[in-house]
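Here is a quick tour of one fold, written to be read with the structure open beside it.

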Amino acid sequence: MLNADYINQLTMPQRLSAVLLTLSLLFSCSKNSPTHAGGGLDSLLATDRAASRMAADSGFSATLLSYADNGFVKLNHGEYPVVGKQAFREKLNGRAGTRDISWEPRDGAVAQSGDLGFTWGDWTYHGEDTTVYGNYITVWSKQADGTWKMRLDGGNETPGPPEGN
């Protein structure tokens, strides 16, 4: 079993790699492809893209709060995880966050059960005099009403834009 001291020693890219590997293994262990379970991936990717559009209007932090499940976990570089929607709300202290960030999912998967999925992709932050690029992963859970809510979100900076762009 992993302990908190070991996890805290990992860099954010190492943490994200471990999460992606774990999710990939979990989602690949079924006989049927979970990626397109009941059209769930299309719905999930559309939700992720809608969240990016909302961030341009309402702010990044306000968007995450709006899409957060009650058990939401936010991983931030150089900080301990923020666990729980209420703890995230308190950390924000009413701040909406930047409107200068956007993201685009590259891929994802939905469990065969259709109630859990993840997306990952690239984000871009446009500041006054700089542009910063990165990757992200978001784990989603499907709610009783059929909507997707964020269970876990984290990301890291990259040296430049995604290859091929």
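## Hairpin, sheet, core and pocket

β3 and β4 pair in the antiparallel sense, with nine bridges between them; for two strands to count as paired, DSSP has to find at least two bridges. Within that pairing, Ile101 sits opposite Tyr125 of β4. The hairpin has five residues between its strands, and there Gly114 takes a positive phi near 80°.

A word on the model: it is a predicted one, so local features need pLDDT of at least 70 and side-chain atom pairs pLDDT 80 or more, while totals for chains, interfaces and linings use all residues. Numbering starts from 1 along each chain as its sequence is written, and side-chain values use heavy atoms, with hydrogens and water left out.

Zooming out, the protein has five helices and six strands, taken as DSSP runs (H or I, at least four residues, for helices; E, at least two, for strands) and numbered from the N terminus.

The six strands make an open sheet in the order β2-β1-β6-β5-β4-β3, with mixed pairing. β2 (82–83) and β3 (101–110) are at the edges with a single partner strand each, so one side of each has no neighbour in the sheet. β1 (residues 68–74) and β6 (residues 148–158) run parallel and are joined by three bridges, with Ala68 opposite Met150 in β6.

The angles below lie between N-to-C directions on a scale from 0 to 180 degrees, using lines fitted to C-alpha atoms, for helices over the stretch in contact.

| Helix | Strands touched | Angle with β1 |
|---|---|---|
| α4 (residues 60–67) | β1, β3, β5 (131–142), β6 | about 130° |
| α5 (residues 85–92) | β1, β2 | about 65° |

What about the inside? Of the 165 residues, 39% count as buried, meaning under 20% relative accessible area with a 1.4 Å probe and protein chains only; exposed is over 50%. The largest nonpolar core has 21 residues, and Phe72, Phe88, Trp103, Trp140 and Met150 have the most contacts inside it. Such a core is a set of buried Ala, Val, Leu, Ile, Met, Phe, Trp, Tyr and Cys residues joined through side-chain atoms within 4.5 Å. α3 (40–58), α4, β1, α5, β3, β5 and β6 each supply at least two of its residues, and α3 gives the most, with five. Apart from it lies another core of seven residues, including Leu75 and Val139.

Leaving aside residues up to four places away in sequence, Phe88 touches Ser61, Leu64, Leu65, Phe72, Lys74 and Val82.

Now for the largest pocket, with a volume of about 670 Å³. Its lining counts 30 residues, and Phe60, Lys74, Asn76, Ile101 and Trp123 lie nearest its centre. β6 gives the most to that lining, with six residues. (A pocket is an open set of points on a 1 Å grid over the protein atoms alone where a 1.4 Å probe fits, with protein on both sides within 12 Å along at least five of seven lines; lining residues have an atom within 4 Å of a point. The volume is the space filled by probe spheres set on the points, which are joined across faces, edges and corners.)

One last stop is Asn93, in the loop between α5 and β3. Asn93 has a positive phi of about 50° although it is not a glycine, and it is exposed, with a relative accessible area of 62%.

Definitions and conventions. Contact means heavy atoms within 4.5 Å.
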